[in-house]
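Open the model in your viewer and keep the selection tool at hand.

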Amino acid sequence: SAHALFARSDSEGRAQFKSELGELVNHLYDCPCICMWVIFNEGWGQFDARKMYDFVRSMDKTRVIDHASGWHDQGIGNVQSLHVYFKKYHFKPDKKGRAVVLSEFGGYNLPVAGHTWNAKNFGYKGYQTPEALGEAVKTLYETQIVPACKSGLAADVYTQLSDVEDEVNGFVTYDRRVEKLPEALMRAIARELKGD
């Protein structure tokens, strides 16, 4: 069955997911900081995407829903959600007229000695100094993200804000004690994204 393709053969597991998804939406419904529900990420355990979208929509008719962040888009939901790491990103409008969201990109890694969770060093492209990392991030935004936003990209989400366990591709370290990039650089990028 199609459920087996995403390791969702267990009907009890699917029922448990739906139950917990409902509890999550009900519990967090009144939080004004939530602007989007993301049901599945990168196909990890994705199943019955249309039914899950309809389920969440029945509980919340106001928020945007990303039914499949990054992979296995079923053409439903309010956004076309893309994860792009290994190639240059060029904006293309969604054929279904949905907003296009680059929901993961970047992932540049810089380990900071004494501020990592362990010795592993995962990221999509490695750098040895904060200066080299900063230049790469600046170039990425200037050559790909800003032009995409000017062409119609609705939102972009850099991977990631902070290091997590084995991944050292955050803007701040795992312990949140070291900012890898200067505030002035990030403010300049934000101004460029706004068109200031």
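This is a predicted model. Start with two serines: the side chains of Ser-81 and Ser-69 are joined by a polar contact of 3.4 Å.

**Stop 1: Ser-81**

Stay on Ser-81 and show its secondary structure. The residue sits in strand β3, which covers residues 79-84. Is Ser-81 buried or exposed? Its relative accessible area is 4%; buried means under 20%, so Ser-81 counts as buried.

Now select its surroundings. Setting aside residues up to four places away in sequence, Ser-81 touches Asp-66, Ala-68, Ser-69 and Gly-70, and also Val-101 and Ser-103.

**Stop 2: Val-172**

Which class of burial does Val-172 fall into? Its relative accessible area is 17%, and the cut-off for buried is under 20%, so Val-172 is buried.

Show what surrounds Val-172. Leaving out neighbours within four places in sequence, the contacts are Leu-161, Ser-162 and Asp-163, together with Val-178, Glu-179 and Lys-180.

Next, draw a distance from Val-172 to Tyr-141. The C-alpha atoms are 18 Å apart, and the two residues are 31 apart in sequence.

**Stop 3: helix α5**

How far apart are its end C-alpha atoms? They are 16 Å apart; the 12 residues, at 1.5 Å a residue, should span 16 Å, so the two values agree.

Step just past α5 to Gly-195. Here phi is positive, at about 85°.

**Stop 4: the whole chain**

Zoom out and colour by secondary structure. Five helices and seven strands make up the tally. Trace them along the sequence and the order reads α-α-β-α-β-β-β-β-β-α-β-α.

Orient the view along the principal axes. The C-alpha atoms fill a box of roughly 50 × 40 × 35 Å.

Switch to burial. Of the 196 residues, 40% are buried. Then turn to contacts with a separation of 6 or more: 52% of them are between residues 24 or more positions apart.

The accessible surface comes to about 11500 Å², and carbon and sulfur atoms hold 54% of that. Last, colour by charge. There are 24 positive and 26 negative charges, and their mean positions lie 6 Å apart.

Methods:
Residues numbered from 1 in each chain as written. Predicted model: local features only at pLDDT ≥ 70, side-chain atom pairs only at ≥ 80, totals over all residues. Heavy atoms only, no water. Helix = DSSP H or I, 4+ residues; strand = E, 2+ residues; numbered from the N terminus. Buried < 20%, exposed > 50% of the residue type's maximum accessible area, 1.4 Å probe, protein only. Polar contact = N/O pair within 3.5 Å; in protein donor to acceptor, adjacent residues only side chain to side chain. Contact = heavy atoms within 4.5 Å. Expected span 1.5 Å × (residues − 1). Areas by Shrake-Rupley, 256 points an atom, 1.4 Å probe, with all protein chains shown as cover. Lys, Arg positive; Asp, Glu negative; His and termini not counted. Charge placed at Lys NZ, Arg CZ, Asp CG, Glu CD.
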